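Thanks for coming. I have a few minutes on one structure, so please look at it while I talk.

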Amino acid sequence: MMRPLITVLATALLAACAVGPEHVRPSMAVPETFEGVIAPDATAATSTAAPAVTDTAFWQAFGDPQLNALVDDTLAANHDLRIALARYDRANALLRGTRFDQFPTIDASGTAASNRASADQAPGVPRDARATDSFDIGIGASWELDLFGRVRRSVEAGRADVAASADDLRALQVAIVGEVATAYLDLRGLQERLRVATENAGNQQHTLALVEARRNAGQDSDFDSARASAQAASTASRIPGLEAEIAVATRRIAVLTGRTPDALRAQLSVARALPAVPRSIDPGTPADVLRLRPDVSAAEHRLHSATARVGVATADLFPRLTLGGLIGSQAGDIDALFGRDSETRLVALGIDWSFLDIGRVRARIAAADADASMELARYQQTVLRALEDTGNALVRFDRAHDADVELERAARDSARAAQLARMRFDAGGTSLLEVLDAERTQLQAEDAFAAGRTRTATDAVGLYRALAGGWPQSLPARETAGMR
């Protein structure tokens, strides 16, 4: 009887198929190039070579060792990254559990019992004869015959969930490293703006001292002195606000690197110049960007998972077959437990088919279909947003350089004009009003230039984030909570 059963099962397994739709990557029309992107000028002697979208870590393009060290610390110790890593590990663990459904479940059991029946239960039987012992030991196995792919579709969905979790981790790396780099560049830009404000405050204090000396000599009026004093005080009022923003940026960087808020205060308080920014960055093609963006990849994997779960739900339309077996030994005396006549065995084929529950099954299939449709729309929206983000970042970065050229010229010319105005004022060739106006213009132009250079640097980071290229295989340290 066993031989025909095995033959039937083997034939059924060979003919088994996984019901439900197969996942196919959605096709979307994307442009061949990004519109309005100016190609990098490789012949310009003043331009800095910009890395294309490669495996090189983008932050190294700024050539700042301190930024590199901060990013390394962030990738190793950031707590948000550790949370994402734990989610990835959880998805992997659940997948391992699902894979075990593809194999037989084996268990072992054993009992030793002593039973005595009452006189009422065994009338006329002597007391000693009413006592019986039994010993039983066995190994059992059960295996779901995955004829219609319910288990295989579950494993397929689990693999897609793990891949999506890995992409989520990569996407968070992109976001957090970009935030670290932006905070660091903002810090250096704020320090430059603080230097500008301090120097201009010093120049205006010098002008105020000169005006007061002239007033004491009877050459200038109290009005001139008050006007010069007001402008010097207005410039000095910028300094505390900039110092506060520097402290905020320093604390943000420390927390992003997994440290306490004040841990980097001494290290980052030493002002440094803004790192050099590439003049142009080659984004590659839109197809390249979509291939590298982890959010697009995660959306596709979630669509794959949802599609596979349609198959899981569809498999409930068909009977579920389970093959079970048991081999063991049973005896009334422990010495005879493994004797020839104590052998027991069982082979069984079980069928579970809730064919009368077809309405609920079709409702679950409809819900799974709706989930797949939702994930398809989410994937398509993610693709469009990725192209939008990249296009916007390219435009901002390209136009920021043009603005910097004009801001640098304005800062240089305003500084020269202020110097000439002070010289003419000292020689009595111009009025104090022209000096104060030139100094005010100088402060505004130099501050705008420093802010513009900072904005260009952070726009470069924004572009690298949109491109999502250049991410080494770096994971935060795994830590346990002491629970087993």
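This is a predicted model: local features need pLDDT of at least 70, side-chain atom pairs count only at pLDDT 80 or more; totals for chains, interfaces and linings use all residues.

We start with helix α4, residues 150-216, and helix α6, residues 238-256. Their axes are 9 Å apart, and the packing angle is about 160°. That angle makes the two helices, α4 and α6, roughly antiparallel, because anything over 145 degrees counts as such. The crossing of α4 past α6 is left-handed. What classes of residue does the contact of α4 with α6 have? There are 15 nonpolar, 6 charged and 3 polar residues.

Now the salt bridges. The count comes to 31, and I will show a few.

Take D73 and R259, with their closest N and O atoms 2.8 Å apart. D73 sits in helix α2, while R259 is in the loop between α6 and α7, 186 residues apart. D73 is partly exposed at 26% relative accessible area, and R259 is partly exposed at 31%.

Next, D389 and R293 form a salt bridge at 3.6 Å, N to O. This pair also links distant parts of the chain: D389 belongs to helix α10, and R293 to the loop between α8 and α9. Is R293 buried or exposed? R293 is buried, with a relative accessible area of 7%, whereas D389 is partly exposed at 36%.

Last, a network of salt bridges links E144, R150, D316, R320 and R364.

Terms used:
Residues are numbered from 1 along each chain as its sequence is written. Side-chain values use heavy atoms; hydrogens and water are left out. Axes are lines fitted to C-alpha atoms, for helices over the stretch in contact, and angles run from 0 to 180 degrees between N-to-C directions. Helices (H or I, at least four residues) and strands (E, at least two) are DSSP runs, numbered from the N terminus. Angles under 35 degrees count as roughly parallel, over 145 as roughly antiparallel, 65 to 115 as roughly perpendicular and the rest as oblique. A crossing is left-handed if the near helix is turned anticlockwise from the far one by less than a right angle, and right-handed if clockwise. Ala, Val, Leu, Ile, Met, Phe, Trp, Tyr, Cys and Pro count as nonpolar, Asp, Glu, Lys and Arg as charged, and the others, Gly among them, as polar. A salt bridge is a side-chain nitrogen of Lys or Arg within 4 Å of a carboxyl oxygen of Asp or Glu. Buried means under 20% relative accessible area, exposed over 50%, partly exposed in between (1.4 Å probe, protein chains only).
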